[in-house]
Amino acid sequence: MNALIVTCSSCHHANTFPQPYPYHAGFGDTAFLYNDAGNCTLTWGTYDTVYSAIATAGDPWCPSPEDQRSLEERLPLSPVGDRWRFANPPRCQSCAAPIGGPMVSGDIYYFEYEGSVILGRAGLPSSLADILLSRPSI
């Protein structure tokens with residue numbers, strides 16, 4: 001597989017991702033968040049039953065602020081120990097400048113950093129129900 005290289009507009013660092021191209025969340029029916037540091041990605045299916053129960057606004061890529069907080073509060077910490085948030089952008093691995101936008105900003109493309117949590121991938125939990133700290137009633 002070819003690696004994706006995204007050059008930072010601030011420091012010109014070549015950020016390398018283990019994917020062939022920026023993934024399109026809409027084509028893959030995928031929702032995504034970045035951690036506070038912007039160096040790890042969490043993805044899940046937009047048809048995940050738990051997500052559907054939380055994100056009630058109708059647009060799975062831009063849930064209401066209340067629905068965003070509801071999910072953020074239920075998620076465990078990222079692998080590096082910080083929070084997953086809808087407002088977090090992906091960041092340069094050298095200077096931490098944004099190199100893209102968060103899902104709720106309308107940026108439908110996402111990057112998978114090394115060590116990301118890609119639900120449903122072999123060896124990882126299959127759905128949000130498997131990782132949430134508390135579940136909404138569905």
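This report describes the strands, salt bridges, cysteines and aromatic rings of a predicted model.

Residues are numbered from 1 along each chain as its sequence is written, and side-chain values use heavy atoms, with hydrogens and water left out. Because the model is predicted, local features need pLDDT of at least 70 and side-chain atom pairs count only at pLDDT 80 or more, whereas totals for chains, interfaces and linings use all residues.

**Strands and sheet**

Helices (H or I, at least four residues) and strands (E, at least two) are taken as DSSP runs and numbered from the N terminus, and two strands pair if DSSP finds at least two bridges between them. Strand β1 (residues 4–7) and β2 run antiparallel and are joined by four bridges, with Ile5 standing opposite Thr16 in β2. The hairpin of β1 and β2 has six residues between the strands, and in this hairpin His12 takes a positive phi near 70 degrees.

In a regular strand the side chains alternate between the two faces of the sheet.

An open sheet is formed by four strands in the order β6-β4-β5-β8, with mixed pairing. Its edges are β6 and β8 (117–118), each of which has a single partner strand, so one side of each is left without a neighbour in the sheet. The pairing of β5 with β8 is parallel and rests on two bridges, and Leu42 stands opposite Val117 in β8.

**Charged side chains**

Side chains of opposite charge can pair when their charged atoms come close. A salt bridge is counted when a side-chain nitrogen of Lys or Arg lies within 4 Å of a carboxyl oxygen of Asp or Glu, and a search of the whole structure finds two. They are set out below.

| Salt bridge | N to O distance |
|---|---|
| Asp36 and Arg85 | 2.7 Å |
| Arg121 and Glu112 | 3.1 Å |

In the salt bridge of Asp36 with Arg85, the closest N and O atoms are 2.7 Å apart. This pair links distant parts of the chain, with Asp36 in the loop between β4 (30–35) and β5 (41–45) and Arg85 in strand β6 (residues 84–85), 49 residues apart. Asp36 is partly exposed at 31% relative accessibility, and Arg85 is likewise partly exposed, with a relative accessible area of 33%.

What is the nearest side chain of opposite charge to Glu72, which is buried yet has no salt bridge? That side chain is Arg85, 4.7 Å away, where Lys and Arg count as positive and Asp and Glu as negative, His and the chain ends not being counted. Glu72 lies in helix α2 (residues 65–74), and Glu72 touches Arg83, Trp84, Arg85, Phe86 and Ala87, not counting residues up to four places away in sequence; contact here means heavy atoms within 4.5 Å.

**Cysteines**

A disulfide is a covalent bond between the sulfur atoms of two cysteines. With the criterion of a pair of cysteine sulfur atoms within 2.5 Å, a search of the whole structure finds zero disulfides. The sulfur of Cys11 has its closest cysteine sulfur in Cys92, at 3.7 Å, which is too far for a bond. Cys11 is partly exposed, at 31% relative accessibility, while Cys92 is buried at 5%.

**Aromatic rings**

Rings of Phe, Tyr and Trp (its six-membered ring) pair if their centres lie within 6.5 Å, and planes under 30 degrees apart count as stacked, over 60 as edge-to-face and the rest as tilted. The whole structure holds eight aromatic pairs. One of these joins Phe32 and Tyr34 edge-to-face, 5.7 Å centre to centre and with 70 degrees between the planes, and both residues are buried. Tyr34 also forms an edge-to-face pair with Tyr113, at 6.2 Å centre to centre and 90 degrees between the planes. That pair links distant parts of the chain, Tyr34 being in strand β4 and Tyr113 in the loop between β7 (109–110) and β8, 79 residues apart. Tyr34 is buried at 1% relative accessibility, and Tyr113 is buried at 3%. Ring pairs link Phe17, Tyr21, Tyr23, Phe32, Tyr34, Tyr110, Phe111 and Tyr113 into a cluster.

Notes. Buried < 20%, exposed > 50% of the residue type's maximum accessible area, 1.4 Å probe, protein only.
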